[in-house]
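Here's a walk through one model, with the numbers to go alongside it. Keep the viewer open as you read.

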Amino acid sequence: MKHQIEVLKKHKDKLINALLVVAALILLFTPIGFYAKVYVNQFLSGSPDVLKEQKQLVVHNYNWQLLDTQGQTLNLEDYKGRVVVINLWATWCPPCVAEMPSFQKLYDDYADKVDFLFVANDDVSKVTAFIEKKGYTLPIYYGLSEVPDDLASRSIPTTYLIDKQGKMIIKEVGAADWNSSKIRTVLDDLLAE
């Protein structure tokens, strides 16, 4: 009897280990895992913080050619002297996808006051399909020239909030809740300047 209990315990341990391996493989290599990562990022995302005054660098180089979804080119230079939100993202990036709903809500209320540039690091057809599927109205762009050093990032998502004087008020790497009262207050204050 004692031997049978030990055998059952070993089988139970092996079964639990096998289930954990299968769960890990599902999370790592299937769409279920992608959406689980998106959900976790949404759940853990907080509101971004304003940079301390001494860390608020001035963006010196605005020379960045972008292409919009209508095939029109523009230059970031056109946005000097305005409040601008620049988000570097991709559809294959779970933290990027996680923060998009909060961006859409913020954009819905501030599109006529703040310039939003969602610069995709991805295939145009994938971005188009993603935006259409989700029903987003965010302004999507693609880089045509080298990203200025002041805005270069090794990670996505990276989001910058730049004030009218060209100061980087927020630099957030990773998913964040952009539709917070804190961010709305920051934007309202910057627009009032």
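## The cores

The largest nonpolar core has 35 residues, and Trp89, Phe116, Phe118, Ile140, Leu161 and Leu187 touch the most other members. A nonpolar core here is a set of buried Ala, Val, Leu, Ile, Met, Phe, Trp, Tyr and Cys residues joined through side-chain atoms within 4.5 Å. Strand 3 (84–89), helix 3, strand 4 (115–120), helix 4 (124–134), strand 5 (140–143), strand 7 (168–173) and helix 5 (181–192) each put in at least two residues. Helix 3 gives the largest share of this core, eight residues. Helices (H or I, at least four residues) and strands (E, at least two) are DSSP runs, numbered from the N terminus.

Take Phe118: not counting residues up to four places away in sequence, Phe118 touches Asn87, Trp89, Met100, Phe103, Leu138, Pro139, Ile140 and Tyr141. Contact, or touching, means heavy atoms within 4.5 Å. There's also a second, separate core of 18 residues, with Leu51, Leu76, Val119 and Met168 among them.

## Ground rules and the overall fold

This is a predicted model, so to speak of local features takes pLDDT of at least 70 and side-chain atom pairs count only at pLDDT 80 or more, while totals for chains, interfaces and linings use all residues. Residues are numbered from 1 along each chain as its sequence is written, and side-chain values use heavy atoms, with hydrogens and water left out.

The protein chain has five helices and seven strands, running α-α-β-β-β-α-β-α-β-β-β-α from the N terminus on. Of its 193 residues, 40% count as buried. Buried means under 20% relative accessible area, exposed over 50%, and partly exposed in between (1.4 Å probe, protein chains only). Among contacts between residues at least 6 apart in sequence, 71% join residues at least 24 apart.

Ser102 sits in helix 3 (residues 94–110) and counts as buried because its relative accessibility is 12%. Leaving aside neighbours within four places in sequence, Ser102 is in contact with Ala176, Asp177, Trp178 and Asn179. A polar atom of the Ser102 side chain lies 3.1 Å from the backbone nitrogen of Trp178. A polar contact is a pair of N or O atoms within 3.5 Å; within protein, one must be able to donate a hydrogen and the other to accept it, and residues adjacent in sequence count only if both atoms are side-chain atoms.

Lys105 is in helix 3 too, but at 49% relative accessibility Lys105 counts as partly exposed. Setting aside residues up to four places away in sequence, Lys105 touches Asn179 and Arg184. Lys105 and Asn179 are 74 residues apart along the chain, yet their C-alpha atoms are separated by 6.3 Å.

## The pockets

The largest pocket has a volume of about 220 Å³. Its lining has 14 residues, and Trp64, Leu88, Val119, Asn121 and Val147 lie nearest its centre. On a 1 Å grid over the protein atoms alone, a pocket is an open set of points where a 1.4 Å probe fits, with protein on both sides within 12 Å along at least five of seven lines; lining residues have an atom within 4 Å of a point. A volume is the space filled by probe spheres set on the points.

The second largest pocket holds about 160 Å³ of space. Helix 4 supplies the largest share of that lining, five residues.
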